[in-house]
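Subject: Model for you to look through

Dear colleague,

Please read them with the sequence and the coordinates open beside you.

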Amino acid sequence: MARLLIVHHTPSPAMQELLEAVIAGATDEEITGVEVVTRAALSCGAADVLAADAVLLGTPANIGYMSGALKHFFDTIYYPCLNDTVGRPYALYVHGNNDVTGAVRSVETITTGLRWKAVRPPLEVTGPVSRDEAWELGASVAAELMV
Ligand SMILES: Cc1cc2nc3c(=O)[nH]c(=O)nc-3n(C[C@H](O)[C@H](O)[C@H](O)COP(=O)(O)O)c2cc1C
């Protein structure tokens, strides 16, 4: 069975809403043969990434960058995964109150270093949460793993 790993930092109700919508999409009953594993960024390790067929990342924007928690995740997994996850499909959602540009760029810089492959444009949410778009992101990434 294919495995989708959702790595997220969820420090507020808005982020929780986004996470729940992403999970709901990824676990929709029409998607079969895909196991969805969810890990908080601060508790996710290299073994989780190595065992995953695709990774969906979620973070708030924090001072023009990804959250410290997601950065810690990347610091933890970067070298253990560097040679073994080349081409790993990934997608990203970012939530902020006004500008998520720097946060998106910060993630893309690291995923470029890892040579992961973006399978969707980043979902950039400022202000009110877009549940439908988050659901669609989860569903579309999971659907790509169906055999
Ligand atoms: C320390 C800190 C830094 C932040 N920096 C940014 C930022 O650079 N850009 C932005 O759009 N939002 C920023 N925010 C807002 C968070 O992204 C926002 O709180 C988060 O997405 C959750 O949304 P909510 O507060 O509406 O629940 C920041 C929040 C905190 C606490």
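Strands β5 and β6 (residues 117-118) pair in the parallel sense over 2 bridges, where pairing requires that DSSP finds at least two bridges between two strands, and where strands (E, at least two residues) and helices (H or I, at least four) are DSSP runs numbered from the N terminus. Within this pairing, Y90 stands opposite A118 of β6.

Before going further, please note that this is a predicted model, in which local features need pLDDT of at least 70 and side-chain atom pairs count only at pLDDT 80 or more, while totals for chains, interfaces and linings use all residues. Residues are numbered from 1 along each chain as its sequence is written.

Strand β5 (residues 89-96) also runs parallel to β3 (residues 54-62), to which 6 bridges join it, and here Y90 is the bridge partner of V55. Because 7 of its 8 residues are buried, β5 is largely enclosed by the rest of the structure; a residue is called buried if 20 or more other C-beta atoms, placed from the backbone, lie within 10 Å of its own, exposed if 12 or fewer do, and partly exposed in between.

Turning to the helices, the axes of α1 (residues 13-26) and α5 (residues 131-143) come within 6 Å and cross at roughly 40 degrees, the axes being lines fitted to C-alpha atoms over the stretch in contact, with angles from 0 to 180 degrees between N-to-C directions. That makes α1 oblique to α5, since angles under 35 degrees count as roughly parallel, over 145 as roughly antiparallel, 65 to 115 as roughly perpendicular and the rest as oblique. The residues of this contact (C-beta atoms, placed from the backbone, within 7 Å) divide into 12 nonpolar, 2 polar and 3 charged, where Ala, Val, Leu, Ile, Met, Phe, Trp, Tyr, Cys and Pro count as nonpolar, Asp, Glu, Lys and Arg as charged, and the others, Gly among them, as polar. Those contributed by α1 include E17, L18 and G25, and those from α5 include R131, W135 and G138.

Finally, two loop residues deserve a look. I63, in the loop between β3 and β4 (65-66), has a positive phi of about 55 degrees although it is not a glycine, and with 8 C-beta neighbours inside 10 Å it counts as exposed. R115, in the loop between α4 (101-114) and β6, likewise has a positive phi, near 65 degrees, and is exposed, with 12 other C-beta atoms within 10 Å.

With best wishes

Methods
Two residues are in contact if their C-beta atoms, placed from the backbone, lie within 7 Å.
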